[in-house]
Amino acid sequence: MDLNIGKHLVVLGMNHLCSDIQIRERFFLSQSRIPDVLSAIMKLPDISEALILSTCNRIELYAVVTNTDMACSNLLQFLSDYHAVETEKFKKYTYFYNCYKAAYHFYEVISSLDSLVVGEYQIVSQVKQAYRIAWENGFTGPFLNKLFHYAISAGKKVRTDTEIGTGIVSVASVAVDLACRGLNGIKNKSALIIGAGEMSKLTAKHLINSGVEDITFVNRTEERASEIASQFGVKSAEFSKWLDMAVSSDLIISSTGSPHRIITLQKASQIMKLRKKRPLILIDIAMPRDIEPGVENIEGITVYTIDNLIEIVEENSQSRKDEIVKARHIISEEVQKYYFWYNSRKVQSILVKLRDQFASIRDMELQRYSSVFSSLPENTQKEVRKFAASLTEKFLHVPSTVLKKRSTDNEYEKFVDAVTDLFNLDRKK
């Protein structure tokens with residue numbers, strides 16, 4: 001199939017399934033950087049719409065293009081140039097989907113089937129935020145706008161019609177479960193939460209539900225830490241005091257948006273010296289990571305990152321096996337709605353080209369015989385032109401009807417190719 005007909009959805013990405021955290025954090029984009037990155041992507045050849053989804057577990061570039069092969073090459077090169085990493089060093093960690101597979105993948109993402117924790121709901125707000133940034137900056141158009149709204153609807157249906165969201169359904173809840181295992185239970189233990197974002201709030205909620213009462217929030221913005229702490233009825237402290245708090249804590253969960261490491265090797269060593277090597281659990285659910293690599297080698301410290309949650313996540317996925325099957329069935333049905341709309345747009349594009357071609361031939365022939373028509377009465381000339389227009393419409397009726405009908409079945413692309421080749425239509429417009 002020729003992939004240069006019309007517009008196509010593509011996605012280039014990497015996630016927790018094909019790359020580890022060391023790779024993903026190299027390509028992670030903070031929300032503040034995304035508008036400028038999108039602006040640069042829109043300047044690449046052949047890209048008419050774009051959206052970036054960047055979370056702890058994935059970085060994905062969605063785009064609308066006419067040439068999918070060129071898009072893959074251009075987006076890979078863009079990532080290479082922007083992050084100063086040779087393409088061959090990261091290409092094997094990426095995936096690239098186009099057309100139907102790209103749309104299906106987006107539906108899976110927003111329905112949390114592609115999440116680290118299947119059934120988690122946070123991905124919905126993350127996708128909405130990604131779309132809002134792209135839309136507000138003028139980087140989306142009819143294809144991504146329609147995809148987003150259809151996918152949101154599909155995600156709601158998955159959560160309504162299945163039990164995909166029961167049990168442990170967030171990275172924060174898995175992190176707390178991991179802490180329970182590492183400490184042989186966390187009831188009556190003390191916890192320090194570094195950061196005051198949504199993930200930190202979710203972590204506090206799950207800690208409290210697990211019986212932890214001694215919780216302290218610290219954040220660079222002290223007012224924010226105090227505000228969240230008061231919501232949960234726990235303590236907060238100045239960020240400068242976090243080292244002192246760490247000495248007396250059994251568990252530290254860090255989830256900041258800092259571009260720099262919070263718990264460095266030097267600070268971790270200092271903490272353990274003051275603790276006299278009393279065991280300490282550190283859980284890093286930040287992107288980029290808050291804990292410097294190597295801290296896990298310090299005696300008495302156990303470090304868990306997002307990638308270490310896999311064991312519990314696999315248990316979680318097994319318990320949802322039947323629900324995942326149901327969800328995929330729903331997605332297969334729902335993505336067809338977008339694809340039918342997409343095909344109908346394509347039909348209109350082909351029909352416009354076909355009508356333009358027939359009209360051009362009609363006008364050329366009328367012009368060729370203009371010397372004959374000029375001797376006819378004006379009313380007769382009008383009737384001849386009317387007859388020519390009517391005949392053109394009749395010739396177009398059957399191919400138009402068949403194309404519209406076929407836009408809702410899986411053989412649609414073959415008919416588009418056949419009509420395009422048969423009438424020698426321009427594939428690049």
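**Entry 1: the α8 and α9 crossing**

I looked up the handedness first: α8 and α9 cross in a right-handed way. A crossing is right-handed if the near helix is turned clockwise from the far one by less than a right angle, and left-handed if anticlockwise. I am working with a predicted model, where local features need pLDDT of at least 70, side-chain atom pairs count only at pLDDT 80 or more, and totals for chains, interfaces and linings use all residues. I also noted that residues are numbered from 1 along each chain as its sequence is written, and that side-chain values use heavy atoms, with hydrogens and water left out.

Two packed helices are described by the angle between their axes and the distance between the axes. Here the axes of α8 (residues 171–182) and α9 (residues 198–209) come within 8 Å and cross at roughly 45 degrees. Axes are lines fitted to C-alpha atoms, for helices over the stretch in contact, and angles run from 0 to 180 degrees between N-to-C directions. The two helices are therefore oblique to each other (under 35 degrees is roughly parallel, over 145 roughly antiparallel, 65 to 115 roughly perpendicular, and the rest oblique).

Which residues of α8 and α9 meet? On the α8 side I found Val171, Ala172, Ser173 and Val176, and on the α9 side Met199, Leu202, Thr203, His206 and Leu207. Contact means heavy atoms within 4.5 Å. I sorted these residues into six nonpolar, three polar and no charged. Ala, Val, Leu, Ile, Met, Phe, Trp, Tyr, Cys and Pro count as nonpolar, Asp, Glu, Lys and Arg as charged, and the others, Gly among them, as polar.

I moved on to the loop between α8 and β5 (190–194), where Asn184 is found. Its phi is near 55 degrees, a positive value in a residue other than glycine. Asn188 is in the loop between α8 and β5 too, with phi near 70 degrees.

Are these residues buried or exposed? Asn184 is exposed, with a relative accessible area of 77%, and Asn188 is exposed at 63%. Buried means under 20% relative accessible area, exposed over 50%, and partly exposed in between (1.4 Å probe, protein chains only).

**Entry 2: two other spots**

I checked Ser39 in helix α2 (residues 34–42), and this serine is partly exposed at 27%. I then found a cis peptide bond between Met287 and Pro288, with omega about 0 degrees. Pro288 lies in the loop between β9 (280–284) and β10 (301–305).

Definitions and conventions:
Helix = DSSP H or I, 4+ residues; strand = E, 2+ residues; numbered from the N terminus.
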